[in-house]
Amino acid sequence: MISKLRHVTTRLSSIACLLAASVFSHNVAAATPSNLPSIVSFFQNSTFSGAKLSPNAKFVAIRISTREGRAQLAVLDLATFKSTVVASFEESDIGEFFWVNDTRIVFNLTNLQLAQGDQYLASGMFAVNIDGSKFKQLVQTSSSFWKAGNGGRALLKWNTFLRGAIGNQESDEIYVVQPEAYDDKGQVDYVNLQRLNTLTGHITDVDMPLLHAHRWLMDGQGNPRVAVTYEKNIKAIHYKDPATEKWQKLTEFDAFTGNDIDPFFYDGDGKLIVTSNNGKDKTSLYIYDLAKNKMLDNPLVTSPDFDIKAEVISNNGKLLGVRYEIDAEVTQWFDPKMKTVQQLIDALLPNTVNQLSIAQRAESPIFIVKAYSDIQPALYLLFNAETKKLTKLGSVNSDIDPQKMGMKDMVRYQARDGLSIPAYLTLPKDSSKKNLPMVVLVHGGPFLRGGHWTWNADAQFLASRGYAVLEPEFRGSTGFGGKHFRAGWKQWGLAMQDDVADGTKWAIDQGIADPKRICIAGASYGGYSTLMGLVKDPGLYRCGINWVGVTDINLMYDVNWSDFSDIWKRYGMPLMVGDQVKDAAQLKATSPLENANKIKQPLLMAYGGADRRVPLIHGEKFYAAVKKENSNVEWIVYEKEGHGWSLVKTRVDFWSHVEKFLGKNIGNP
């Protein structure tokens, strides 16, 4: 297999050649009737899928491909605007990539042309210089190959993954981790932290006496200073004092129920910044006083309505700002110069969220800007802070016309018990905004945030076909405070389901949705909610679409070839979903499988034959039960797909079925 991973280096005259190749080689599928955007335009793979500045801001690494070709790694020289494809493989695509230093890049592989059931290669790890020289494989892509392609040195085991750069990215070394599993499900027991030389392949262990460490924060020199350990359900925070170079435990708590403290950033001045609710409803950013082993009372960053889950923006070990999401994403700069740069860019791009990427040791005034909105797929641009000019690099989906997309807004409605429920509402472009057919799109998880103010292929495709799309952040969703989150514990099919129904009724009361033309849809937990919606509220939903959905909570416990960890089953699920013994009656009452005979509405179901999160048996058992009394059930199995659709052809086929199904059941009267 290693012999098939043939590396190719190509010189191109400019970045324009790459972009032109990606645009003009695309064989567009047959046009969709009525001049609507084609299905493939929503669900194709991106031709431009990432750009990162070198530490000195003189080069940009870019992942790019043609529609039919493989994703390649290219480097753009900002002084000449000449580009070089430095890594390309015949049977694999470039996956994640990262700058080692100013002249070297490390990356791994993926395969965008294979579904989950056909994947046989590990991601591996490779390094290459910006001119394509000194290419080196570092980590094996298959357990069968240990010595190929590495100058005689044995390749590292397949389960070696990139952790990050060393300090200010001035060496040829990087941090890597080796998770060690204790069972055939890949459940991680502990993680080895190591330093890897990307030129020689030499690896050294980092002194880390903590047995169950899974995550680390480094100081400005690249030394581990903070570690997070997990042992069964106990999460602990540890700190290595630079004065003594000894590790000490700061705090520990139950990972599922405790007052969670999550280390966020260790700055060059020895301050630790953490996320915590600190006894309040919302999670905020706090400074943690390491000397006193306590958090300061006043938060550094907070919001009255949203949890703060932030992304660090730093260089040279200094925290410059944080990026986080409220109703939409915002950036809060602590550095006055960066605040000014952000204001300049926002003035040039007033209708998008504009993410700035900065270099670690910038020697030029160049920034990368990722600009996106609800109607605009992400654009990548260069900004020159001296000339105040923007230069477009590429778009993740150049086939989408923002002027044809529907606007998305966050709304709030009251659940029947008075709880405020956030939701995203997307309305078709140029619609009357009244009496529309509507799809209630329920997110998976369910204990996560489902919606975001960004371009979303699923919602925008549905809106392009004339449907209003409501995405409720029902109780149990994260990002809206502890009360909202905990209110969803043990509420599958109960209050969580009522929140979805109450959102549907709100849209009817507002005059947005035609009460006779509403369909409920979703994947994973959203598929479960779809089925329970049809069971509990048969008069509310005309039809349902469930893909890769849970059909019985007991199956989540009992099917031993799923990838649910034993720790989650033992400590998390009984508390948050339901205990098989103590809550047996509830789990039966809220099981779509046990209530399949109650579903009379038209139903579309699709599952992946290689799904390990919600194995195919969920769908097979339910289909066998529901079709006994419901002849209007459409059943699709994509044999090689997993928990979601990896292949473009699968996504196009599935959404083609969705389009026909909705048109038949809730289309225009």
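Author: Lys 408 has its charged end over the ring of Tyr 424, 5.5 Å from the ring's centre. "Over a ring" has a set meaning here: NZ of Lys or CZ of Arg has to be within 6 Å of the ring centre and within 35 degrees of the ring normal. Lys 52 does likewise with Phe 97, its charged end sitting 4.9 Å from the centre of that ring.

Before going on, a word about what you're looking at. This is a predicted model, where local features need pLDDT of at least 70 and side-chain atom pairs count only at pLDDT 80 or more, while totals for chains, interfaces and linings use all residues. Residues are numbered from 1 along each chain as its sequence is written, and side-chain values use heavy atoms, with hydrogens and water left out.

Now for rings meeting rings. Searching the whole structure turns up 28 aromatic pairs. One of them is Phe 447 with Phe 485, an edge-to-face pair at 6.0 Å centre to centre with 85° between the planes. The rule takes rings of Phe, Tyr and Trp (for Trp, the six-membered ring) with centres within 6.5 Å, and calls them stacked under 30 degrees between planes, edge-to-face over 60 and tilted for the rest. Phe 447 sits in the loop between β31 (436-442) and α4 (457-464), and Phe 485 is in helix α5 (residues 482-486), so this pair ties together parts that are 38 residues apart in sequence. Those helix and strand names come from DSSP runs numbered from the N terminus: H or I with at least four residues for helices, E with at least two for strands. Both Phe 447 and Phe 485 are buried, which here means under 20% relative accessible area; exposed is over 50%, and partly exposed is in between (1.4 Å probe, protein chains only).

Trp 547 and Trp 655 have ring centres 5.7 Å apart and planes at 75°, so that pair is edge-to-face too. It links distant parts of the chain, with Trp 547 in strand β34 (residues 543-547) and Trp 655 in helix α12 (residues 648-666), 108 residues apart. Trp 547 and Trp 655 are both buried. They also belong to a cluster joined by ring pairs, whose members include Phe 42, Phe 43, Trp 455 and Tyr 638.

Take Glu 363 and Lys 58, whose closest N and O atoms are 3.3 Å apart. Glu 363 is in the loop between β25 (353-357) and β26 (366-372), and Lys 58 in the loop between β2 (48-53) and β3 (59-64), so the bridge ties together parts 305 residues apart in sequence. Lys 58 is partly exposed, at 36% relative accessibility.

Asp 93 and Arg 70 also form a salt bridge, with 2.9 Å between the closest N and O atoms. Asp 93 belongs to strand β6 (residues 93-101) and Arg 70 to the loop between β3 and β4 (72-77), so the parts joined are 23 residues apart in sequence. Asp 93 is buried at 1% relative accessible area, and Arg 70 counts as buried at 15%.

Then there's Asp 498 with Lys 536, a salt bridge at 3.0 Å, N to O. Here the partners are 38 residues apart, Asp 498 in helix α6 (residues 495-509) and Lys 536 in helix α7 (residues 525-536). Asp 498 is buried, at 15% relative accessible area, whereas Lys 536 is partly exposed, at 34%. Some bridges join up as well: Asp 219, Arg 225, Lys 240 and Glu 245 are linked in a salt-bridge network.

Back in helix α6, have a look at Asp 499. Asp 499 is buried, with 1% relative accessible area. Setting aside neighbours within four places in sequence, Asp 499 is in contact with Tyr 413, Ala 415, Ile 421, Phe 474 and Arg 475, contact being heavy atoms within 4.5 Å.

Last, the cysteines. The disulfide count is zero, going by a cut-off of two cysteine sulfur atoms within 2.5 Å. Cys 519 is buried at 0% relative accessibility, and Cys 543 is buried with 0% as its relative accessible area.

How values were computed. A salt bridge is a side-chain nitrogen of Lys or Arg within 4 Å of a carboxyl oxygen of Asp or Glu.
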